[in-house]
Amino acid sequence: HKIAAVFGAGKIGKRIHDLFQANDLTVQCVDIRQDYLNELYGGSVKFVSPETAIATSDIIVNAMNLTRSKERRMYNVGYFSREFLAGAKDNLIFINVTRGEIAPESVLMDLYTSGKIKGIGVDVFSNEVRFAGMLNGNIESDQQDLKAAASMVQRSFERTANIYVQPHQGFNSDIAALAKATESIKHVIAWFKNGKR
C-alpha cells in the first residue's frame, strides 16, 4: 500500500512508473509537460501537483532532465530543496537517477540524519568531475554537497546506512547501445534527406 511519485515523466520516468505499477504500488507523476504527456500516454499516467506528490508519497524518484538556465521554465537546479522536502511524509525513500544538482546531497543527508528520509538511492552526484577527483584523492573540497556525497558513498560501501549507491551506467546496456545506434542512423538519414542540414 505504498505510493510512489516520479518527478519527470519522460521515457525514463514512464518506465519507472510502469515498473512501480507492475509491482502493485500506487503511482503518480509530476511533470510540467503533463498535458502533452497525458495525450502521449493515452491517459494511463496519473499526474498530480508537486505539492500533492511530496505530501502523499512514500517513495520519490527524480527522473527529471537537468535544466541549468534560470530563464527556462524547466529550470530545476536545487528543485528538491530542504523546504520542499520538509513537506514530505516521514520515512520517505528518495531515489535520484538523473542529475545530482536537482537534489543536493547535503540536503538529502541532513534529512536522512534527522530521520525525515529513511532511505536514499543514487547513481548521480553534483559536479561529478570534481567529485570523482575527490574520491580519487586528487582534489580536496569544503563544498557541502561534495562532502555529503562522499559520506553517502562511504556509508553505502560500509553498509552502515540505508543508502544505496551505484554507478550511472544505464547508457551501457545492450538495449541502450542498440537504441543509440538506431537513433544515430535515423539522424544521419534525416540529415541527408534535409540537404545535409
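User: Which residues do ring pairs link into a cluster?

Analyst: Ring pairs link Phe7, Tyr79, Phe80, Phe84 and Phe94. Rings of Phe, Tyr and Trp (its six-membered ring) pair if their centres lie within 6.5 Å; planes under 30 degrees apart count as stacked, over 60 as edge-to-face and the rest as tilted. A word on the source: this is a predicted model, where local features need pLDDT of at least 70, side-chain atom pairs count only at pLDDT 80 or more, and totals for chains, interfaces and linings use all residues. Residues are numbered from 1 along each chain as its sequence is written, and side-chain values use heavy atoms, leaving out hydrogens and water.

User: Why is the pair of Phe7 and Phe80 called edge-to-face?

Analyst: Good one! The ring centres of Phe7 and Phe80 are 5.1 Å apart and their planes stand at 75°, so the pair is edge-to-face.

User: What makes Phe80 count as buried?

Analyst: Buried means under 20% relative accessible area, exposed over 50%, and partly exposed in between (1.4 Å probe, protein chains only). Phe80 has 0%, so Phe80 counts as buried. Tyr79, with 25%, is therefore partly exposed.

User: And why is the pair of Tyr79 and Phe80 edge-to-face?

Analyst: Their ring centres lie 5.0 Å apart with the planes at 70°, so this pair is edge-to-face.

User: What puts Lys14 over the face of Tyr41?

Analyst: A charge sits over a ring if NZ of Lys or CZ of Arg is within 6 Å of the ring centre and within 35 degrees of the ring normal. Lys14 lies over the face of Tyr41, at 5.2 Å from the ring centre.
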